[in-house]
Amino acid sequence: MRAAYASATKPDEPLAALTVGDQPEPAPPAGWVTVDVRASTLNHHELWSLRGVGLPADRLPMILGCDASGVDPDGNEVVLHSVVEDPSDPRGFSLLSERHPGTLAERVAVPAANLVPKPAGISFLDAACLPTAWLTAWHMLTTRGRVADADAVLVQGAGGGVASAAVILAAALGKRVYATSRDATKRDRIATLGATALEPGARLPERVGVVIESVGAPTFEHSLKCSAPGARIVVCGATGGPFPKIDLRRVFMMQLEILGSTMGTAAELASLMDFLVEQNVRPVIDSTYGFTAVGEAFARLNSGEVFGKVAIDHLH
């Protein structure tokens, strides 16, 4: 079957490690099922894998991809929850494409429990945007950030998949949303999603109860300063650097919570889709490519110009 996979790892030239070609059909163990993939989306996780982060040489070649929607062996339309229980991993889990072949293929095998019914009102392409970036944003806001107890939310570095999802979801939840971006064009687009768009480091008109933080070192001091007493700063990434300076006096005097967050549960993925249908909200898709142009899709993701998700239509 055709697939997009890491045939090598190249820390300084990740796209050179990407190969599109034939790979073996899935051979699912007991309790797993094979899904015909209809759509998938890309994450920066794929670029990190191509650089060799979390993907050692002894696991190559590895089919990439965490996100997908498709059809199960019984003809049901499903969305894949990409978190696989893994006692050998320090996290207690791994993601598809780390130890098990990923979703950028004609077919993928997953545990049967990882199949979440796709609502009829959500397209395959929209559904494929949800399992990583949107589920992460939903988990950060609702479970880790306890956004129900907050009136306002700050999203740092809006434009990427998680950050743009957090803006849309927080606005749909009825919160006042502030979002930062260095890019003026992205700030204009953020404003259309329901947020007050600001330059990084700008003074907010109020302190917020929840901060969605995926940038790290360049924005973390600002996140602390913008936090109301008892606020939750929820961290899912560190694209700008993992070692921020933290004034611990502000943390304890303001009784702030700094919370790590990764992915979410299959039940949360189901509740996210129900919420999107109820609110008539859909993901922002930056661009869509046929599977025959998956290399171009990776180049788009790697450009740094993406706003929303880069999607792959597997039927073209």
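Me: In this predicted model, which helix does Met253 lie in?
Reply: Met253 is one of the residues in a nonpolar surface patch, along with Ile246, Leu248, Phe252 and Ile258. The largest share of that patch, three residues, comes from the helix at 248-253. The helix that holds Met253 is helix 7.

Me: Is Met253 buried or exposed?
Reply: The cut-off for exposed is over 50% relative accessible area. Met253 comes in at 63%. So Met253 counts as exposed.

Me: About how much accessible area does the nonpolar patch have together?
Reply: The patch sits on the surface and is formed by Ile246, Leu248, Phe252, Met253 and Ile258. Helix 7 gives the largest share, three residues. Taken together, the accessible area is about 540 Å².

Me: How about the other end of the chain: is Met1 buried or exposed?
Reply: Met1 has its place in the segment before strand 1. Its contacts, leaving aside residues up to four places away in sequence, include Gly21, Pro24, Ile63 and Arg107. With a relative accessibility of 13%, Met1 counts as buried.

Me: What distance separates the C-alpha atoms of Met1 and Ala39?
Reply: Met1 belongs to the segment before strand 1. Along the chain, Met1 and Ala39 are 38 residues apart. Their C-alpha atoms are separated by 15 Å.

Me: Which residues of helix 1 are buried?
Reply: Helix 1 covers residues 44-51, and Gly52, with a positive phi near 100 degrees, follows it. Cover for the buried residues comes from elements including strand 1, strand 3 and helix 9. The buried ones are His45, Glu46, Leu47, Ser49 and Leu50.

Me: How many of the five residues of strand 18 are buried?
Reply: Lys309, Ala311 and Asp313 point one way, while Val310 and Ile312 point the other way, and all are buried. Strand 18 is therefore largely enclosed by the rest of the structure. The number of buried residues is five of the five.

Me: Which residue stands opposite Ile312 in strand 18?
Reply: Strand 3 and strand 18 run antiparallel and are joined by three bridges. The residue that stands opposite Ile312 is Ser40.

Me: And which residue stands opposite Ala311?
Reply: Strand 17 pairs with strand 18 in the parallel sense, over five bridges. Those two strands and helix 9 make a right-handed β-α-β unit. Opposite Ala311 stands Thr288.

Me: How many residues apart in sequence are the parts that Arg300 and Asp286 tie together?
Reply: Arg300 forms a salt bridge with Asp286, the closest N and O atoms being 2.8 Å apart. Arg300 lies in helix 9 and Asp286 in strand 17, so the pair ties together parts whose separation in sequence is 14 residues.

Me: Which residues do salt bridges that share partners join into one network?
Reply: The structure holds 13 salt bridges. Some of them share partners, and the one network joined that way is made of Asp89, Arg91 and Glu98.

Me: How many residues apart in sequence are the parts tied together by Arg146 and Glu257?
Reply: The side chains of Arg146 and Glu257 meet in a salt bridge at 2.8 Å, N to O. Arg146 is in the loop between helix 3 and strand 11, and Glu257 is in strand 16, so the parts tied together are apart in sequence by 111 residues.

Me: How far apart are the closest N and O atoms of Arg187 and Glu199?
Reply: Arg187 counts as buried, at 16% relative accessibility. Arg187 forms a salt bridge with Glu199, and the closest N and O atoms are apart by 3.7 Å.

Methods. Residues are numbered from 1 along each chain as its sequence is written. This is a predicted model: local features need pLDDT of at least 70, side-chain atom pairs count only at pLDDT 80 or more; totals for chains, interfaces and linings use all residues. Side-chain values use heavy atoms; hydrogens and water are left out. Patches are made of residues with over 30% relative accessible area and no salt bridge: like charges are joined within 9 Å, nonpolar side chains (Val, Leu, Ile, Met, Phe, Trp, Tyr) within 5 Å. Accessible areas come from the Shrake-Rupley method with a 1.4 Å probe; for residues, only the protein chains shown count as cover. A salt bridge is a side-chain nitrogen of Lys or Arg within 4 Å of a carboxyl oxygen of Asp or Glu. Helices (H or I, at least four residues) and strands (E, at least two) are DSSP runs, numbered from the N terminus. Buried means under 20% relative accessible area, exposed over 50%, partly exposed in between (1.4 Å probe, protein chains only). Two strands pair if DSSP finds at least two bridges between them. A crossover is right-handed if, with the strands pointing away from the viewer, the path from the first strand over the helix to the second runs clockwise. Contact means heavy atoms within 4.5 Å.
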